[in-house]
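The following report describes a single protein chain, moving from its overall make-up to selected side-chain interactions. Please read it alongside the sequence and the coordinates.

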Amino acid sequence: MRVPSSIFLSVSLFTAETTAALYLSSTYRSAGDRAWQQLTLLFSLVPSVLVQLALIFFHRDLGRDRPFILLLHMLQFGPIVRCLEAFWTYGSVGRVEDPYVSITRKKQMPRRGRPEEVERQVGQAEGKLVTHRAAFARTAVMQAFLGSAPQLTLQLYICVLQRGVSVGRGTLMAISLLSIVYGALRCNILAIKIKYEEYQVTMSPSAYLCIFLWRSCEIASRVVVLVLFSSVLKIWVLPVVLANFLVFFLYPWILFWRTHSPFPQHIEKTLTHVKLSDPDLINKSQNWYRMVVYYMLRFIENASLLLIWYIYRTDFYEFMSAPLLMLELLLAYAACIFFMLIFYQTCHPCRRLFNSSMGQGFEDCCALLCLSCTSAESSHEPREELAPDDACYDIPSDGGGEAANGGGHNA
């Protein structure tokens, strides 16, 4: 049984970020910056409350007689208590015999031939640890994108306005960036485990390193681009963020609507599991075309926002080299794509199940783009019109017309 190190890391990041945010808000209050103080507290306390509610929901404490645990969650100490409970459960394994044992069946990754199904006994203590890990993995994603991402954007914006980085603000920014990267990493792992649920997925250290570098470059460059754009066009950043949010929110529902799969029925009232009724809805093959299009559009968007910032920048940015900064940000996003390619090509735990390689998918995308460009050019070319006398000779006979229609139908 593995040590619950991921739980300890999640709680450490949560505690460190909350503590750093509280300290920085006190310095803002001492300096008289009430607006920055209130926003810093908002981006720290609201995600903390959501994390407490999520942990209560995952562990179903509302239906159990545990008033002390609920009180600790109200005091925002829930993650710490859950972490101690997880390590206590891990330490008690082997000392007390589990009265209940369940059997799980997972397929191993195919090496030669078909995958083999392996049965494994899971005791009650290990089942509790699985619940703890699943709960903290999801709360880490919530903390990253609902708290750490806006917190990092806010503090970086303040640094740009004040042309300096204090110790407290730099510490909070570093912890927030680590929290976002860790949340994105957990999101990647959750997506892989959900997509290949029937397989025994094991992540290697190189896979963790590739995901960490991939997400670090992507998130850091993206946040800096948005902050620079918002510093010169404060109002227009809202439509950009809103458009991104709507696209990412509506896109999964559009895919679900195109599959014509019905919603699940007879869901248990306790919401112990919520699964779609069609198991084939989750495609096991990797969609390289969708990934290439996404990163291509994101790169174009970042380049466009940087170009707009470069055009509308003021004398306020004389202390930095604008072309060099733009080049560094674009190279950082290119590095993110590079580490992503390495992950999917060499470090993905389920790469043996891919129907096609990434190189083949990239070639298909390039071929599709070339085909669309060729068709667009041919549509603009002038067409020669036939004279009426020439046109009459091209009219086929009845038999030829039937053969042509039949051939077209068979094609």
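## Overall make-up

The protein contains 13 helices and two strands, where helices (H or I, at least four residues) and strands (E, at least two) are DSSP runs numbered from the N terminus. This is a predicted model, in which local features need a pLDDT of at least 70 and side-chain atom pairs count only at pLDDT 80 or more, while totals for chains, interfaces and linings use all residues. Residues are numbered from 1 along each chain as its sequence is written, and side-chain values use heavy atoms, with hydrogens and water left out.

Of the 411 residues, 35% count as buried; buried means under 20% relative accessible area, exposed means over 50%, and partly exposed lies in between (1.4 Å probe, protein chains only). The protein exposes about 26,000 Å², of which carbon and sulfur atoms supply 64%; accessible areas come from the Shrake-Rupley method with a 1.4 Å probe, and for residues only the protein chains shown count as cover. Among contacts (heavy atoms within 4.5 Å) between residues at least 6 apart in sequence, 73% join residues at least 24 apart.

## Confidence

The average pLDDT, the predictor's confidence in each residue from 0 to 100, is 79 for the protein, and 76% of the residues score at least 70. The pLDDT is below 50 over residues 266-282, a stretch that has 20 contacts in the model beyond near neighbours in sequence. It is also below 50 over residues 383-411, where the model has two contacts beyond near neighbours in sequence.

Leu-242, Phe-245, Leu-246, Phe-249, Leu-250, Trp-253, Ile-254 and Trp-257 make a nonpolar surface patch of about 900 Å². Patches are made of residues with over 30% relative accessible area and no salt bridge, like charges being joined within 9 Å and nonpolar side chains (Val, Leu, Ile, Met, Phe, Trp, Tyr) within 5 Å. Phe-245, one of the residues of this patch, lies in helix 8 (residues 237-259). An α-helix has 3.6 residues a turn, so residues three or four places apart point the same way.

Helix 10 (residues 322-347) has 26 residues and reaches 36 Å from its first C-alpha to its last, close to the 38 Å expected at 1.5 Å a residue; the expected span is 1.5 Å times one less than the number of residues. The buried residues of helix 10 include Ala-322, Leu-325, Met-326, Leu-329, Tyr-333 and Cys-336, and also Phe-339, Met-340, Phe-343, Tyr-344 and Cys-347.

Because Glu-85 lies in helix 4 (residues 78-91) and Arg-66 in the loop between helix 2 (34-59) and helix 3 (67-74), the pair ties together parts that are 19 residues apart in sequence.

Glu-85, which counts as partly exposed at 25% relative accessibility, forms a further salt bridge with Arg-82, the closest N and O atoms being 3.6 Å apart. These two residues are three places apart in helix 4 and therefore separated by about one helical turn, and Arg-82 counts as buried at 1% relative accessibility. Salt bridges that share partners join Asp-61, Arg-64, Arg-66, Arg-82 and Glu-85 into one network.

## Other local features

Arg-2 lies in the segment before helix 1 and is exposed, with a relative accessible area of 57%. Not counting residues up to four places away in sequence, Arg-2 touches Tyr-90 and Arg-133; Arg-2 and Tyr-90 are 88 residues apart in sequence and 8.7 Å apart in space, C-alpha to C-alpha.

Arg-60, in the loop between helix 2 and helix 3, has a phi near 55°, a positive value in a residue other than glycine. Gln-76, in the loop between helix 3 and helix 4, has a positive phi near 70°. Arg-60 is partly exposed at 41% relative accessibility, and Gln-76 is partly exposed with a relative accessible area of 28%.

Methods. A salt bridge is a side-chain nitrogen of Lys or Arg within 4 Å of a carboxyl oxygen of Asp or Glu.
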